[in-house]
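Hi there,

Here is the structure I promised to pass on. Please have a look at it first, and then read my notes below.

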Amino acid sequence: MVEVADKDVARAGVTSYENWNAALAAAFFSPDKAGELVYLDKDDDAFARACLDVGVALDEADESLARAVRSKICWRESGKPFFADFDGMTRSWVKARRKALAAAAEVPPPPHIALLVLFSSAAERMGGANIETGAAESSYYASLEGLLGIPRHESGRFRLSFTKSSEAFWESLTLWLEDQDGQRGLPSAYALMHRYVGLPISQALVRERERRNLKKMFEEQGFNPGSVVSHIDMHGAIDVWIASARTSANAALRKMWAFNELQNRIVEIALAELAAWDGVGNGQNNLQQKNQRALLTVRDARVMLRSEMRFGLLAGSNVSPGDICRIEGLNAEAREFPLDLIGAGSAGFDFRAVGVDVGSAISGDLQIHLHSGLKLGRVPKKVVILTRDAFSAAYVESDRINAAVLSRLLVRDEPQLLAAVLKILADAAQPGFARVPGGTDGVPLGWTVFKDVMLLRTPDSALVTGTDLSAFEPRLSTQMTISGGLKLPGRMQRWSTLSPIQVIVASETDEPVDLFILTRNAETLQTEESVVRSKLSVPAVVNLEAIPGGTEDFTLSLRRGKTTLQTMAVKRRSSSVPSPDSAQRFRSLCHDLEDPLWPIQSIPNEDAATPGIDGVAVSAPEVSYSHRKVATRPDWNRQGRVNPKTPPLLVAGPPADSCIVTGRHRWNFPLFDGKWPKSRWMYGVCARCGMSKRHPTRIPKSQAGRDQAVRSIRKALPALGPATAPWSALIDALFYLGAGSRHEFSTLARQLEDSAIFENQLLHGLEALGIIELERNAALEVINWEAAATCMGELSDGTWLLTGYWPRQLDKDVVEALEDLGATVTINAPHHQSQRRVADLSAHDVAEVAKEFDFDLVPHAARSLSLALPTLSSVAAGLSRRDMPFASGYEYFDPRSATWMEIETSRLPGLYRVSSSFSSNYYYRNAEDVIAGVAAIVTVQLGKHLAALEAKRPLIAYDPVEGTISVPIGAELPGMFSRAAVMGAGDLPVMRRSDRSVNYFNVPAAAANAIIGKLTS
């Protein structure tokens, strides 16, 4: 605790409300709170720091703060509501925020923080006498009125004003923290029931120690990070956890849970904590025990022109990337390798990449020994639930299926088991799931994968027979989730306005529900409520396209009668109002002509000696080149396919006496010592294999009759609409952010297609189109991206393409100006690029519009870019060299066949590939590098063309009649070479399977000759 000495403060005098507000804002919401829930808790050191800042002793702080708030209260004689002045502050702050966002400036803290701290203090002052006896609203009001010195005759007027205005004050804080993208903390005020007093009580009821205890409960109850849980399901989980005789809940939580009125408030805090939870619990022993269990993962990848699933293992959060591990297999064989990075700080590996047989690894008793002495293991199952993980962009093994969440199932190829799973899916899953048999798409023989599985209700209990199917018993009552749309990266949950979302309501029963929408008045931030769907038959899918335009933020409330089951905040954003921190994100990336690597990387403008290219805007001299004739058609052949180097390691199966084999599990269920929980279900875990099983807390008297009744009324399940977001939404999201990290780009790209190859193709495709610029590190890995300069580039047919940064409002204004002059404006490639193409307008008129709106106009863009390019040999000379890494074997690129071949040493000039679990590194060596024992790390596209240059075997063809440049698949033109070619037609290159080529169309002869001449010299 921060010590505040009496001599450091003035014990007399009045501290203004404004000073209190500024001090509390700075103390509670500092950068070191980034990504954390922030509670307005006076026990926090932040309050003591604020007192020190305003010069008030801690023992006088309550009275000083209350005096400051009282100075802003409107008493009866004013003729205005109690909080009228604060309402005025709200309106003024909303206007200031709107102006700041429009100017991409920093949004000031809201003027209500000091008031909200006082509201929270009133909840704390209720203390043990009231808060632990299940205090009603009147107890809170009495505490707050006593703190503020509200006379009894003013109480009614005070409470009326409080219920009308207080939610808006909390909303202003939430908006401000969202504007900061959680960089100063996350909002923690949440109230499902009794909203007005529930919000301040949520700040004071559960202390830091109890909040840590709740994270322990998340682990023990099997919650997944990022999962959505309804209020009633969370209540049931906490109820079972606390009622258990072996509970890890501390005494304070157990005491509070004994009072029914406090249970809802604890659940609300638990839901907020779960939303921010990263999967790491508290309690060293349990964490260590859990992290000794490794989890199966699967992710999508592409091999040549086909997609396949890649299986691997997630080692856990207490294991670090780079840790050396060893797997032992049959016949005394073993594999030893370093772990790779997966997601946000986790470690793991891909079975195939490290030479482990996939089928035996999934079916076997997999044991992993780390050099640190830690031992990890995975026990096989016949049915594996794989849930999409928010932190690793993969599907990760779960103990049980989650309702209303896309999952994959890995099922052993046993006819009876497969038939049972199919019956469960037909009964409880949304239509449209896909079955992938073993031996196809990367699925090992002996197994079947079910893709696109979403459970919308609990399966009929008569179908869930046997332990192997226990994973199909979800934690579900009635639950609402969001499907589809494009989720924006960041600490705060936001979706793109351009990508419609759907609400899925999954339910254990068919009892109807009501769906409400709560919006905020744009000026006052006060709540306005309306019905979306009444008497909604569940399970259900609700399309939210009907939400009124301009409604960016709203809350969905799911209710059954007068009971609120769940609420969910939805925030939608577009480039019409860029991200509040976009100005800080922008660094004006450009290509520095003094950098020999400028065709493949960009740097901040302030670091550039000679800025030459930004987007398609060119400010660079022409570079001479030698004309080179190449073939008019692709002439690389199909030889040289890679074969496995050595047979993969086979993992031994489980022991004959294993419970997986015998089916004799040892279940550990909670014991209640006569204190039965109200929850209907509890979950147990096998002490030997970790399998999870659901069991009723009480055995119903007439279970059979009830099951029969449920089966007789089950309705057909609704189908979901398309879940994939359009390119237009992704590009608009990039413009909303303005700039960002590679991880943020990955978060967006993986929602369109979850594969590393697609992500890379999208990244380089947007670079080629001049939409973004890329910043790389010393290893030429993309680390940051930024929207390129706002430009219009002339294409080979005389039309113009809008490239670079075009936020929605600017796009709208310019298109209107162009159409007013008679231009025809269309969408180029609407299903992916979604860029504007302008035709039927003179160059003079186009120039006038460019001048009016201050953007760059680039005539003959392909020719301008290509003539500025340097020769490839000068790029090669600028590459930094490092020692050639040692590997047990390499893959070597053969320019004659444009394929990879295995090689034991790295003694030949050319391009080498060294693969790890989830990525590959590429090393280029010329003859001098081989002698010196060094290599240059390169991108795969650059490396292949350098290898072709070294071998004097160009990997490029050009048909002058059709204006088509062709290169092999995987050897796309690197960096600015690709941008120059793309600006011929304004379209991304097209892949042609028949000759394994990628083709750039309508490339003018002058541009094609320059590209070929420079790429081959």
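Tryptophan 176 is buried in this predicted model, because its relative accessibility is 3% and the cut-off for buried is under 20%. Phenylalanine 29 is buried as well, with a relative accessible area of 1%.

Across the whole structure, a search finds 29 aromatic pairs. Phenylalanine 29 and tryptophan 176 make up one of them, an edge-to-face pair with 5.8 Å between the centres and 90° between the planes. Phenylalanine 29 belongs to the loop between helix H1 (17-28) and strand S1 (37-38), while tryptophan 176 is part of helix H7 (residues 155-179), so this contact ties together parts 147 residues apart in sequence.

The charged end of arginine 211 sits over the ring of tyrosine 39, 3.7 Å from its centre. For arginine 559, the charged end sits over the ring of phenylalanine 516, at 4.2 Å from the centre.

Next, please turn to strand S41 (residues 890-894), where five of five residues are buried. Tyr890, Tyr892 and Asp894 point one way, and Glu891 and Phe893 point the other way. In a regular strand, side chains alternate between the two faces of the sheet.

Which strands pair with S41? Strand S42 (residues 899-903) pairs with S41 in the antiparallel sense over five bridges, with threonine 899 as the bridge partner of aspartate 894. These two strands form a hairpin with four residues between them, and alanine 898 in the turn has a positive phi of about 55°. Strand S43 (residues 910-915) also runs antiparallel to S41, joined by two bridges, and there arginine 913 stands opposite glutamate 891.

Enjoy exploring!

Note on methods. Residues numbered from 1 in each chain as written. Predicted model: local features only at pLDDT ≥ 70, side-chain atom pairs only at ≥ 80, totals over all residues. Heavy atoms only, no water. Buried < 20%, exposed > 50% of the residue type's maximum accessible area, 1.4 Å probe, protein only. Pairing = 2+ DSSP bridges. Phe/Tyr/Trp six-rings, centres within 6.5 Å; stacked < 30°, edge-to-face > 60°. Lys NZ or Arg CZ within 6 Å of the ring centre and 35° of its normal.
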